[in-house]
Number of protein chains: 2
Amino acid sequence: MTRDEAEAIESFERLGLTSYEAKVFIALQRLGSGTARDIADVADVPRSQVYSVAEGLERQGLIEVQQSSPIRYRPVSVAEARETLHERFEREHGRAFEYVETVRSKSDGEEEQEDIWTVRGRERIDDRVVDLLSNARERIVFGTRLPVFLTEDIERALERHAAAGIDVLAVSSSDDVAERMRSLDGVSYASPPEHQGADDRSGRIVIVDDDTILLSVVDEDENETAIWSAESLFASVFIQLAEARVDPTGESS
Amino acid sequence: MTRDEAEAIESFERLGLTSYEAKVFIALQRLGSGTARDIADVADVPRSQVYSVAEGLERQGLIEVQQSSPIRYRPVSVAEARETLHERFEREHGRAFEYVETVRSKSDGEEEQEDIWTVRGRERIDDRVVDLLSNARERIVFGTRLPVFLTEDIERALERHAAAGIDVLAVSSSDDVAERMRSLDGVSYASPPEHQGADDRSGRIVIVDDDTILLSVVDEDENETAIWSAESLFASVFIQLAEARVDPTGESS
DNA sequence: ATTCTGTTAGTAACAAGCTAACAACAGCCC
DNA sequence: GGGCTGTTGTTAGCTTGTTACTAACAGAAT
């Protein structure tokens with residue numbers, strides 16, 4: 001079995017098939033059609049198991065059965081299979097979240113407590129950044145060293161809030177990033193203070209008003225981890241520390 | 001636990017979570033945020049298990065963790081969770097089928113053998129019908145008693161092929177269905193022969209050219225099962241039998 | 001001193017993977 | 001036709017791995 005095939009099988013498993021089902025389905029796509037023996041030979045599944053596994057696949061609409069002796073099987077087209085699995089996902093997804101929406105507590109977006117939360121993963125942090133920005137009333141400071149941390153979504157959010165009259169300041173020690181920041185409509189740019197040192201594990205910093213902050217770092221495996229706190233006293237204190245390092249430098253738009 | 005909640009949990013399981021993960025996630029959505037104990041109380045999960053389960057959920061990007069004592073957890077927004085699971089699905093789906101496409105045997109659509117295949121389930125049969133119609137070269141006959149079996153997709157396929165110069169004939173013993181059939185552009189209509197008897201388990205019939213046929217029945221649980229055969233001698237013989245019952249009656253457009 | 005937190009080990013229950021055996025049947029050689 | 005061989009479809013049962021669940025405990029908090 002090739003590496004690619006093993007990966008494909010794992011993916012099918014995560015889509016809800018068993019490994020036997022995945023193997024039989026792939027084998028049938030490869031064969032076009034075949035008997036239990038044909039399938040067992042190429043799929044590395046015991047022949048005696050092929051019958052029941054195929055039955056399951058038929059129920060799921062991924063293969064079709066020829067009632068003959070010997071029984072023959074054929075896969076549905078790749079397009080149909082994609083569609084079938086897609087529909088199944090949408091159905092489950094809908095059902096699951098329909099219920100969640102009904103029980104969801106109202107607390108969202110408002111009334112945070114004195115909490116510091118941890119978020120792992122670049123994309124999740126992207127989302128959290130945009131989310132925090134959306135609560136801005138007066139002022140935003142966004143800083144990062146690395147271009148990837150200034151996503152398009154974030155750029156757009158910064159411009160949107162600047163247009164809405166919020167004071168938006170962008171900071172970076174990297175020329176690439178600074179370039180892009182300066183091109184954003186309505187967004188001021190400042191270079192960071194020199195004394196920041198060799199902060200090569202720092203990721204990004206977001207300050208919203210005087211009580212919301214997000215700070216991320218990049219570990220040795222390039223994974224980004226952020227901590228954030230919104231509308232908390234804790235954040236205020238933190239911000240005062242951070243501001244001391246940003247403000248002293250001259251601004252330029 | 002309510003019935004709705006149990007269903008939601010099952011759906012989450014089918015989306016790749018364990019039942020504990022589903023319960024904890026739902027409990028957190030309900031609570032807004034909480035400690036392991038809070039969660040254990042409402043989620044019906046042993047407190048000692050909450051920690052590891054929550055760790056898993058954090059890795060999956062479905063909740064966030066507050067590193068404090070006691071540790072507190074909060075869910076990401078419902079929108080973020082939807083998005084996260086959706087992305088995961090698309091990723092696996094893509095990976096799985098990317099490989100399948102590479103191994104797919106070319107046999108599709110062409111060169112069928114003397115095979116009769118079985119398809120179960122209304123929607124899958126809908127798909128197969130459209131698929132068979134798409135291979136028409138000269139002539140199509142489509143018949144059904146029940147309105148649900150004449151889907152919009154099928155109506156469109158019939159019209160499309162009629163427009164392409166293929167001889168399309170629609171047949172139904174039901175007035176409702178006949179009405180709709182008559183309104184299709186370029187499609188002829190014929191009423192079925194009387195001697196068909198009390199065929200109350202018959203579903204639909206599709207004849208394409210003189211060598212492709214699909215015939216479905218509806219069982220006592222209202223499940224539709226179809227057999228079909230394309231470009232086969234067997235189909236030809238079958239078609240001659242079926243035609244004997246359709247042709248003798250007068251046609252009308 | 002007692003309750004609570006976070007962690008660990010270990011068991012139980014179940015699903016999935018895997019093996020073996022067998023009756024029914026088809027082909028083949030004699 | 002009789003006996004031999006090989007295949008098919010079915011079933012029972014074992015093995016393995018995962019998840020659900022219980023119990024116990026050290027350290028912190030009250």
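This is a short tour of a predicted model, stop by stop, with something to select at each one.

Before you start, note that residues are numbered from 1 along each chain as its sequence is written, while chains are lettered from A and ligands numbered from 1 in the order in which they are written. Because the model is predicted, local features need pLDDT of at least 70 and side-chain atom pairs count only at pLDDT 80 or more, whereas totals for chains, interfaces and linings use all residues.

**Stop 1: the domains of chain A**

Select residues 3-102 of chain A for domain 1, then 117-252 for domain 2; these bounds come from an automatic or database domain assignment. The C-alpha centres of the two domains lie 47 Å apart.

**Stop 2: A:Ile9**

Now pick A:Ile9, which lies in helix 1 of chain A. Helices (H or I, at least four residues) and strands (E, at least two) are DSSP runs, numbered from the N terminus. Is A:Ile9 buried or exposed? A:Ile9 has 22 other C-beta atoms within 10 Å and is therefore buried; the cut-offs are 20 or more such atoms for buried, 12 or fewer for exposed and partly exposed in between, with C-beta atoms placed from the backbone. Beyond its neighbours within four places in sequence, A:Ile9 is in contact with A:Ser19, A:Ala22 and A:Lys23, where contact puts the C-beta atoms, placed from the backbone, within 7 Å.

**Stop 3: DNA strand C**

Show DNA strand C and the 14 residues around it, of which A:Ser19, A:Pro46, A:Ser48, B:Ser48 and B:Pro70 come nearest. A residue is near a strand if its C-beta atom, placed from the backbone, lies within 6 Å of it. At least two residues of this surface come from each of helix 2 (19-31) and helix 4 (47-59) of chain A, and helix 3 (36-43) and helix 4 (47-59) of chain B. Colour the surface by class and you get six nonpolar, seven polar and one charged residues. Here Ala, Val, Leu, Ile, Met, Phe, Trp, Tyr, Cys and Pro count as nonpolar, Asp, Glu, Lys and Arg as charged, and the others, Gly among them, as polar.

**Stop 4: DNA strand D**

Move to DNA strand D, with 15 residues around it; A:Ser48, A:Pro70, B:Ser19, B:Pro46 and B:Ser48 are the closest. Its surface holds six nonpolar, eight polar and one charged residues.

**Stop 5: the strands of chain B**

Select residues 63-66 and 72-75 of chain B, strands 2 and 3: they run antiparallel, joined by four bridges, and form a hairpin with five residues between them. Strands pair if DSSP finds at least two bridges between them. In strand 3, B:Arg72 is the bridge partner of B:Gln66, and B:Tyr73 is that of B:Gly34. B:Arg72 and B:Arg74 point one way, B:Tyr73 and B:Pro75 the other, and all are buried.

**Stop 6: where the chains meet**

Finally, show chains A and B together: each gives 51 residues to the contact. Which element of chain A gives the most to this side? Helix 5 of chain A does, with 15 residues. By class, the side of chain A that touches chain B has 17 nonpolar, 14 polar and 20 charged residues.

The same surface serves both copies, as 100% of the contact residues of chain A recur in chain B.

How values were computed
Two residues are in contact if their C-beta atoms, placed from the backbone, lie within 7 Å.
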